[in-house]
Amino acid sequence: MPLAKRIIPCLDVDQGRVVKGVNFLNIRDAGDPVEVARRYNEQGADEITMLDITATHEGRDTMIETVKAIAGQVFIPLTVGGGIRKVDDIRAMLNAGADKVGINSAAIHNPEFVKEASQRFGAQCIVVAIDAKQVGDHWEIFTHGGRNPTGINAVEWAKKMADYGAGEILLTSMDQDGVKSGFDLALTRAVADAVDIPVIASGGVGNLDHLAQGVLEGHADAVLAASIFHFGEYSIQEAKQHMMDRGIEMRLPAKR
Amino acid sequence: MSQKLLTIIDYGMGNLHSVAKALEAVAPQFQIEITNDRARILEADHVVLPGVGAIRDCMAEIRRQQVDEVVAENLASGKPFLGICVGMQALMAHSDENQGIDCLNQFDGHVHRFPSGLIDSHGLPMKVPHMGWNHVTKTKDHPIWNSIESDSHFYFVHSYFVEPHENYSAGICHYGTDFAAMIYRDNLFATQFHPEKSAEAGLQLLKNFTQWNGTL
């Protein structure tokens with residue numbers, strides 16, 4: 001009986017609401033984050049990830065309240081990312097009830113921050129988020145929603161972040177994000193095979209078989225998706241059943 | 001009737017709020033207090049020792065705040081005591097983490113790292129930390145298992161595991177190797193996984209703990 005692979009619904013949160021756009025356009029409102037998180041929990045989600053896409057201080061305070069509300073009602077791991085730049089940001093999120101934080105651009109500006117955060121709070125709560133795009137025969141890290149290239153090789157960066165104390169990698173393909181044609185499986189596999197910490201595949205899920213492919217072909221330990229769940233296209237149960245039918249070990253929630 | 005008191009020992013390590021919130025959800029008859037105050041901990045009806053992070057820092061804080069003495073007194077008092085994750089590992093004699101750290105020696109056992117090079121059922125290398133939901137198989141009929149099925153999934157996140165020297169296992173998990181997911185002795189129970197993050201099964205376990213009188 002092996003370790004189960006995980007399904008992680010992702011909530012993009014702006015000013016206290018779940019939103020989802022396609023390639024950062026056509027942002028649609030997908031509901032109250034507490035309600036959405038509770039629904040996914042009931043459907044058997046293995047974890048919940050929330051990305052704070054708010055750029056304002058007021059929005060950030062709202063986010064902390066949202067984390068508190070979710071943590072009081074949803075008893076599965078909760079990861080919060082977006083705008084985590086300082087040790088104090090991590091502490092604020094953990095104190096609000098998050099279990100892990102996602103660090104993205106702050107790691108690129110200052111890799112030592114990952115080391116410091118891991119030593120202070122433990123590797124188990126440090127998720128390094130990597131946004132990568134294919135450039136020629138390899139993948140490069142981009143910031144600012146895929147606009148700014150960094151010249152950093154994504155696979156090498158993942159290895160470095162693992163060495164620096166990341167407990168997990170959240171890997172998003174900027175080419176695939178919002179396109180619904182499936183994960184970038186070659187990228188996912190290249191990173192998952194290069195590091196000895198768990199890798200979450202993200203970006204591009206349009207149907208349930210994409211989730212299974214992420215594990216079977218991409219070697220991901222967990223798969224993250226947003227829009228296929230938000231708008232009722234598929235439930236988490238259906239996703240798990242499909243993955244189990246493909247021979248993947250999954251956790252089914254206890255019967256009520 | 002006065003409210004019962006459950007204290008979560010705060011020695012500055014980890015996210016205690018998750019544990020507190022889960023306990024509040026399942027045990028409304030308890031006052032849940034996060035504290036390192038010796039008197040309050042000794043006064044409590046039930047005590048929880050949580051912990052995340054590195055064992056060296058945990059043990060340093062436990063000793064600096066004299067939590068070691070409080071834990072020893074509590075265990076001797078016969079009141080129900082629950083260790084979680086690093087809180088379980090800290091009860092052992094010794095951990096291999098951080099080049100070797102002596103722990104509380106309340107339990108005759110050692111803490112080892114998962115070996116590298118293990119291969120999973122898909123033929124892929126197994127990742128460390130062991131992170132995610134895994135089965136726990138019941139090895140002892142204990143009140144903490146009430147209304148929980150053997151082989152239920154619980155949420156783990158750890159790179160080190162406990163190997164008790166004596167056979168006090170209440171549940172085992174397999175990740176490359178069998179390891180102790182739950183141990184018990186008298187009024188002590190401890191879990192390697194995080195019940196506060198393990199959805200229904202975890203909440204049931206916490207509820208069982210609050211209803212347990214500390215005897216077998």
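These legends describe close-up views of a predicted model.

**Figure 1. Overall make-up of chain A.** Chain A has 10 helices and 12 strands. Its radius of gyration is 17 Å, close to the 18 Å that the globule rule gives for 256 residues, so chain A is as compact as a globular protein of that length. The C-alpha trace of chain A spans about 45 × 40 × 40 Å along its principal axes. Of the 256 residues in chain A, 59% are buried. Among contacts between residues at least 6 apart in sequence, 65% join residues at least 24 apart in chain A. The accessible surface of chain A is about 10000 Å². Carbon and sulfur atoms account for 47% of that surface.

Figure 2. Strand β8 of chain A covers residues 138-143, and strand β9 of chain A covers residues 148-153. The two strands run antiparallel and are joined by 3 bridges. A:Thr143 has A:Asn148 as its bridge partner in β9(A). Between the strands lie 4 residues.

Figure 3. Over all chains, the count of aromatic pairs comes to 12. In the pair shown here, the ring centres of A:Tyr40 and A:Phe229 are 6.2 Å apart. Their planes stand at 65 degrees, so the pair is edge-to-face, a class that needs over 60 degrees. A:Tyr40 belongs to helix α1 of chain A (residues 33-43), and A:Phe229 to helix α9 of chain A (residues 227-230). The pair thus links distant parts of the chain, 189 residues apart. Are these two residues buried or exposed? A:Tyr40 counts as buried because its relative accessibility is 0%. A:Phe229 also counts as buried, at 3% relative accessibility.

**Figure 4. An aromatic pair between two loops of chain B.** B:Phe107 and B:Tyr168 form an edge-to-face pair. The centres lie 5.5 Å apart, with 80 degrees between the planes. B:Phe107 lies in the loop between β6 (101-102) and β7 (109-113) of chain B. B:Tyr168 lies in the loop between β10 (160-164) and β11 (169-175) of chain B, so the pair ties together parts that are 61 residues apart in sequence. B:Phe107 is buried, with a relative accessible area of 1%. B:Tyr168 is partly exposed, with a relative accessible area of 24%.

**Figure 5. An aromatic cluster in chain B.** Which residues form one aromatic cluster? They are B:Phe114, B:Phe154, B:Phe156, B:Phe161, B:Tyr175, B:Phe179 and B:Phe193.

**Figure 6. Lysines over aromatic rings in chain A.** A:Lys115 lies over the face of A:Tyr164, at 4.3 Å from the ring centre. A:Lys133 places its charged end over the ring of A:Phe142, 4.6 Å from the centre of that ring.

**Figure 7. The surroundings of B:Ile101.** B:Ile101 sits in strand β6 of chain B. With a relative accessible area of 13%, B:Ile101 is buried, because the limit for that class is under 20%. Which residues does B:Ile101 contact, leaving aside its neighbours within four places in sequence? The contacts are B:Ile55, B:Arg56, B:Met59, B:His94 and B:Ser95. B:Arg64 is 37 residues from B:Ile101 along the chain, and their C-alpha atoms are separated by 15 Å.

Key:
Residues are numbered from 1 along each chain as its sequence is written. Chains are lettered from A and ligands numbered from 1 in the order in which they are written. This is a predicted model: local features need pLDDT of at least 70, side-chain atom pairs count only at pLDDT 80 or more; totals for chains, interfaces and linings use all residues. Side-chain values use heavy atoms; hydrogens and water are left out. Two strands pair if DSSP finds at least two bridges between them. Rings of Phe, Tyr and Trp (its six-membered ring) pair if their centres lie within 6.5 Å; planes under 30 degrees apart count as stacked, over 60 as edge-to-face and the rest as tilted. Buried means under 20% relative accessible area, exposed over 50%, partly exposed in between (1.4 Å probe, protein chains only). A charge sits over a ring if NZ of Lys or CZ of Arg is within 6 Å of the ring centre and within 35 degrees of the ring normal. The radius of gyration is taken over C-alpha atoms; the globule rule is 2.2 Å times the number of residues to the power 0.38. Contact means heavy atoms within 4.5 Å. Accessible areas come from the Shrake-Rupley method with a 1.4 Å probe; for residues, only the protein chains shown count as cover.
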